[in-house]
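Dear colleague,

Please find below the structure that I am handing over to you. My notes on it follow, arranged by topic.

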Amino acid sequence: MKKLKVVPNPENPEKLLNLKYTPAKTWAAGIPGVMAAFGDLIEEGIPFRGTRALFSMNQNGGFDCPSCAWPDPDDERSPIGEYCENGAKALAEEATSKKVTEAFFAENSVVDLAQLTDFEIGKKGRLTSPMFLPKGGAHYQPISWDAAFKKIAAHLNALDSPNEAIFYTSGRTSNETSFLYQLFAKEFGTNNMPDCSNMCHETSGTALLPTIGIGKGTVKLDDFYQAEVIVVIGHNPGTNAPRMMTALQKGKNNGAKIIAINPLPEAGLMGFRNPQALNGILGIGEHYSDLYLPVKINGDMALLKAIGLLLAREEALTPGLVFDHEFINEKTSGAGAYLAQFENYQLDELAAAAGLSVAEIEAAVEILAHKKRIIFAWGMGLTQQPNGVDMIREIVNILLLKGSIGKPGAGVCPVRGHSNVQGNRTMLINERPTQQQLDRIRDVFGFEPPRAHGYNVVSAIKAMHKQDVKLLFAMGGNFLSATPDTTFTAEALRKLRLSVHVSTKLNRSHLVHGEEALILPTLSRSDIDMINGVAQFISTESSMGIVQSSKGILMPVSDQLLNETHIVCRMAMETLGERSVVDWKAYADDYDKIRDVIEKCIPGFENYNERIRQKGGFYLPNAARDGKFITGIAGDKAAFTLSGVPLNILAENEYLMATTRTHDQFNTTIYGLEDRYRGIKNERRVVFMNQQDMDRQGFKAEDKVDLFNFDDGIERVARLFLVVPYAVPQGNAVTYFPEANVLISINNVVKESNMPASKFVRIQIRLHQAELT
């Protein structure tokens, strides 16, 4: 068995804190959420600056929340505030009064900073000036913007091929910057554009595009208010998209039934105390879920297959009352083969594979059988499973049986993560652009873009490791902490000639770097973006396809910050010089000109500059929402698909582990050390286990354990975790990321989408070695 040489543990496991845990909550939000949000503003030293910004966040004419992609209401917005606790914490992080200055880097070496936890690193404050780490250097040192761009250009132009460079994109990048960023990469000569979608919802697009003709969700907020049934599966809205709970509340008040499907009984799935309503202020919560199904990790496919089987049986008993035959006949293809498969399945076997009783599944079908306005909303609990594409297509199968796509109150809703991750993809941030998209770029700009597909995140890491890639340019994000197989990825990053990170704050990826490294500080969403004396606005796209403006209101913390658009344009001008046919200077000086050319290249953005100035922005076209399925199948019909049910057999003392985030966290940004809803405080290195599994292995609460994974014949280990008893299914375990990312093999990916399968990791749990001695 090969053992990987583990990099110094980024979370310094010997620094275990004083873990405190209490019973998990059964409701989310309420006054504690309000207090936590404003507590962060005080901690960051911005009670007045931050409060002023909060009243502008997600408001018409204000700036878009830098956190999740949940849409804002189309009609009037709350004067109290259109933000959640985590949105307020995200604002506090970027509006902070704390600064990371040139003096800070002079006093702290890279090695010293690497000993800090991700939480400690993030709390240092906003970056204030461009910094450079020379080859063999111990400290980042100041560099001028001109010198930084010259260094990037020199490295890029010295490559043997444009494909030796990778241009990574975070979900916070605006439409305008994203479009110019991909344009530069294409003119430079590569489609190597991995992005954060490769790690969160690539699976959704891969599943939906060939089945319903569009790789996005098909619902609007108003559909939640009209739905008869809302199924929340593989998603924890109380933490991942807290404003979704308001939509669920309105749907519930209008008569919707809610089915929650998740291995953990999350507070946001169970109840909600709206802090903007009297009953929420008084501590009177609303119970959400009419039915909670504690499915096993990766048991979702068996559950969905069982639901399809029981719906077919119910249709046989009450013909025409369960299925929408008119819709099936006119709008779909493949229903016969889909229904015929159920002759090969036994309900009790499917229930066992799901980890549920037959009665629990029958209860779900009773809710669904005679309803047509059904929404399925899912998150990374599905998309990060090895068969995630198949499971989402199985959801589509159920909705097609019911005729529940393309009508009010019904459809698919992938709950996207970062605030413009969907907009990035719309703006052609894609390692696999279509020929039609490339043709438009050619016709508008007059150069021939590269046609070969580029690297996604997983293939990019492998290419860096093989030294087929020499330069990484990261537009935002925390690449190392977000990606799988931490040791392998760290080794890959250290083989680069140059790593460049455009960032607002210090993060782990600045400390695991190439031979040379640059940190380029940029404006945040809430900062005023002033060009030629005029405050600019950008645009973003929500998870429901709404494109709206975003205009910062806060004075930047430093006069050395550049907006992302200027960074792209100056890099392009310095790198490409006179061989470029693009007027980069014009785009740097005028965002309207960027939007004018986006309009020419991307369908749906007609009259962009006019419509983006309208109150609330505008919706992009969505044929499936309108009941048109542009799939190219049998005259453009939605497609039923066939998928198998995995047989997950665990060895003795083996568990299926899923990683998740705490309530005090958004993606890799850690706001605090209190996972309030799960009752965990002061510690992140915990492993949630079923009490019966603990008893079987002789573990007690707070025992120190080591976690092992043996994929690819390699021993991967995450040391010194604390056992916490929790209501997880037997044979399952749950940990936080990025602490457990070291256990996820680079080869453990989702079929077809090639995303890391972070919700399906085979591990063993053993007493910590020091405990054994």
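Leaving aside its neighbours within four places in sequence, with which residues is N58 in contact? Please bear in mind that the model is a predicted one. The contacts of N58 are F63, D64, C65, D72, R77, E82, Y83 and R243. N58 itself is found in the loop between α2 (47-54) and α3 (85-95). Is N58 buried or exposed? Its relative accessible area is 2%, and because buried means under 20%, N58 counts as buried. A polar atom of the N58 side chain lies 3.0 Å from the backbone nitrogen of C65.

The five-stranded sheet

Five strands make up an open sheet with parallel pairing, in the order β13-β10-β9-β15-β16. At its edges are β13 (291-293) and β16 (411-414), each of which pairs on one side only. On average, neighbouring strands of this sheet are turned by 15° against each other, direction ignored. Strand β15 (residues 374-378) runs parallel to β16 and is joined to β16 by four bridges. Within this pairing, F376 stands opposite V412 in β16. Helix α21 (residues 388-402) lies across β9 (229-233), β15 and β16, and runs at about 170° to β15.

R416 has its place in the loop between β16 and α22 (421-426). R416 is buried, with a relative accessible area of 7%. Apart from its neighbours within four places in sequence, R416 is in contact with A69, S197, H201, V421, Q422 and S543. R416 and W378 are 38 residues apart along the chain, and their C-alpha atoms are separated by 8.9 Å.

The three-stranded sheet

A further open sheet has three strands in the order β2-β30-β29, with antiparallel pairing. Here β2 (20-21) and β29 (674-675) each have a single partner strand, so one side of each is left without a neighbour in the sheet. Two bridges pair β2 with strand β30 (residues 680-681) in the antiparallel sense. K20 has K681 in β30 as its bridge partner.

Nonpolar cores

Which residues touch the most other members of the largest nonpolar core? They are I212, I259, F376 and W378, in a core of 62 residues. Leaving aside neighbours within four places in sequence, I212 is in contact with T218, V396, I405, V412, A624, K628, F629, I630 and T631. A second, separate core has 58 residues, including L183, M193, L498 and Y608.

Aromatic rings

How many aromatic pairs does a search of the whole structure find? The search finds 22 aromatic pairs. One of them is the stacked pair of F708 and F710, at 6.1 Å centre to centre and with 5° between the planes. Within this pair, F708 is buried, with a relative accessible area of 4%, whereas F710 is partly exposed, at 26%. One aromatic cluster is formed by F167, Y181, F184, F188, F473 and W584.

With kind regards

Methods
Residues numbered from 1 in each chain as written. Predicted model: local features only at pLDDT ≥ 70, side-chain atom pairs only at ≥ 80, totals over all residues. Heavy atoms only, no water. Pairing = 2+ DSSP bridges. Axes fitted to C-alpha atoms, helices over the stretch in contact; angles between N-to-C directions. Contact = heavy atoms within 4.5 Å. Buried < 20%, exposed > 50% of the residue type's maximum accessible area, 1.4 Å probe, protein only. Polar contact = N/O pair within 3.5 Å; in protein donor to acceptor, adjacent residues only side chain to side chain. Core = buried A, V, L, I, M, F, W, Y, C linked by side-chain atoms within 4.5 Å. Phe/Tyr/Trp six-rings, centres within 6.5 Å; stacked < 30°, edge-to-face > 60°.
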